[in-house]
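I opened the model today to look things up one at a time. My notes follow in the order I made them.

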Amino acid sequence: MKEQSWNIHFAEYGRGVSMFRTSKTRDLIVRGVPEALRGELWMLFSGAVNDVATHPGCYAELVEKSVGTSTLATDEIERDLHRSLPEHPAFQSDTGISALRRVLTAYAYRNPKIGYCQAMNILTSVLLLYAKEEEAFWLLVAVCERMLPDYFNHRIIGALVDQAVFEELIGLRLPQLTDHMTDMTFFSSVSLSWFLTLFISVLPIESAVNVVDCFFYDGIKAVLQLGLAVLDYNMERLLRCHDDAEAVTSLNKFFDNITNKDSPLPSTVQQAPVGNDGSKSQVTVDITDLIRESYEKYGDIRSEEVESLRRRNRLYVIHTLEDTTKQNILRVVSQEVKFSAGDLDEMYELFKKQHFLSCYWSMSCPALTHHNPSLPYLEQYQLGSEEFRALYCLLSPWAHCSSRDALALALATFRLLDENQDGLVNFKEFCCGLDVIYNGSFTEKLKFLFKLHILPALSEPVETGSPMVPKGRTLSKEDLMHLSRLDDTRNSFRLIKCMVYASILLFITVSLPGLSQDGVIRKSPERGKGKVDLQAYLKQWQDELLKKEESIKDLPRINQSQFIQFSKTLYNLFHGAPEEESLYRAVTTVTSLLLRMEEVGRRLQGAQGEGSPPHTGTADSTPLREEEEKEWSFAFEQILASLLNEPVLVRFFEKPEDMRAQLDHARAAQLKA
């Protein structure tokens, strides 16, 4: 009977793309599309028929290219294949499963931004029941990219927007429910699957296909109408419910009792509704009657009104998602750092703003080119090296040195924090780095600086600018000794600064207090003036060694050029400090002490070597041995122990930094920068 009515309609109004859409067409859709015509009409109303005509052979090519590929999307597809209408005979064999796999994999290959999301398998399964494989593919394209935009991604923004529209329509059309419900989020939690699967996941399949008929004809408007009709039909039951769980149970029972008297599906699929006690339920609702009621009561909702509500609610939904993402990120990061909740909140806003500034000013910035909405929330906002440098220089208390040195230190910090070496730093990594600088102990800060200088960023050959040191060549101890004897007529402060830059401070003082000529370290009588509890620091160091023995043990030794740069960085950090001169002299003392310790070690090695058999190598061994003698390096423990012996250095690194002032400055200067 239905098919005959459609044939009459075709004869009167045309068939295919030339068919006129009239009120009679909608009446026929509401009554349900015949099984034989369902695929044809879905293709027509969705516009997929045009895609097939304009892309001949495209699907076959996509299948050929995507077959055998292994991605996150294909792994998820394989996981969900056997969950797609498992009760239907079509998907109880390899034929149906293979077709479903090809369609989903081809689409994931065609549109990697969407890839694959849950609910796509359920929708595609229904499409394959009534359309050929290639047609089902183009129907999926129409749904995901035109009819339900932004639905099938990991943030499902489109579905959340339509849920907000649905809530607003409930308030306008069913005010009794909104007055009764104290929390409107109930409707969102219940209706999400209605929108994502077009009621396929909650209705029996034989009834759900009638909903899909209306969706392809009227779009999301049909789903909104049906949702209102479902709530209206169950109004009295919902008003009697005492909590959300009871309301959900009532709706589930209602959906189980919906039937389709015209469905030709076999009994293995279409089953009579069964109550909780095992007896067959007596109260049933025909899907055709429910859809007709939805059009009669709520058919006056216009598509233009729906689009207007979508636009109005989209900003609210995105803001809510952003706020949720922010809270999740701050909750995770707060467990790793010592910053207050307020400081973390402001740092997040600055970090996010820096991300968007970089995306706005450069279409090729790493944060934009590598942006993937499917990544975890911690990876949504990231900074490349240039953006990181800008924000680091605004927030770090170590960024007050000269422009060139600050940028070099920022680059080294970026490389250290970029643990996966993808050229991007996320908010958690950024905060962990700043947390060491602001809240770390003396040992933690020193280790952080040490690790910065064993990276390539700050370990490049030092350029002293001296004509006696060729560009790109590192300084040996002989160079340092020679430079320490430069003409005293030069400006003494500039000379000292230059010497620290190259670590030539190591030999400003030939003989230091507390260090005898025989290389034995004595205790200086001035050490007690700083009132530094060395025992406490040694205990702290011991505790860290016990907790992180492997990480400290694995730290490589710092070589000659790296140590020179390390000394230069220390000087830059001290610039402008109240005790700048004392800090400078302390660095001189420490670096000289370390070198004398290294000399003592070499003497001991030489004394042990004298008792060994004479070397019988070739003549080429002499230059090699001389070169080896010029090389020197230090372990982290040596540097830590030496710096702990200087109270002024300990005070500098343990001095609390004013994070609030830095944040205020960064907010004012970020846009200007």
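I began with residues 405–440, where the chain is 72% helix and 6% strand and the end C-alpha atoms lie 22 Å apart. Helices (H or I, at least four residues) and strands (E, at least two) are DSSP runs, numbered from the N terminus. An unreviewed UniProt entry places "domain: EF-hand" at residues 405–440; UniProt positions are in the numbering used here, feature names are shortened, and annotations may be inferred rather than shown by experiment.

For the record, this is a predicted model: local features need pLDDT of at least 70, side-chain atom pairs count only at pLDDT 80 or more, and totals for chains, interfaces and linings use all residues. Residues are numbered from 1 along each chain as its sequence is written, and side-chain values use heavy atoms, with hydrogens and water left out.

Whole chain next. I noted 34 helices and four strands. Of the 673 residues in the chain, 49% are buried (under 20% relative accessible area; exposed is over 50%, partly exposed in between; 1.4 Å probe, protein chains only). Of the contacts (heavy atoms within 4.5 Å) with a separation of 6 or more, 76% are between residues 24 or more positions apart.

Then I looked up helix α10, residues 157–173. Its 17 residues reach 24 Å from first C-alpha to last, close to the 24 Å expected at 1.5 Å a residue; the expected span is 1.5 Å times one less than the number of residues. Buried residues in α10 include Ile157, Val161, Asp162, Gln163, Phe166 and Ile170. Their cover includes α11 (175–180), α12 (185–197), α14 (220–233) and α18 (303–334).

I turned to the nonpolar cores, which are sets of buried Ala, Val, Leu, Ile, Met, Phe, Trp, Tyr and Cys residues joined through side-chain atoms within 4.5 Å. The largest has 109 residues, of which Met120, Phe152, Trp194, Phe216 and Phe255 touch the most other members. Leaving out residues up to four places away in sequence, Phe152 touches Ile114, Met120, Leu123, Val143 and Leu196, among others. A second, separate core of 70 residues includes Val333, Leu394, Val425 and Leu644.

Last entry: is Asn210 buried or exposed? Asn210 sits in helix α13 (residues 205–218) and is buried, with a relative accessible area of 2%. Beyond four places in sequence, the residues Asn210 touches include Arg31, Arg38, Thr288 and Ile291. The side chains of Asn210 and Asn260 are joined by a polar contact of 3.2 Å (a pair of N or O atoms within 3.5 Å; within protein, one must be able to donate a hydrogen and the other to accept it, and residues adjacent in sequence count only if both atoms are side-chain atoms).
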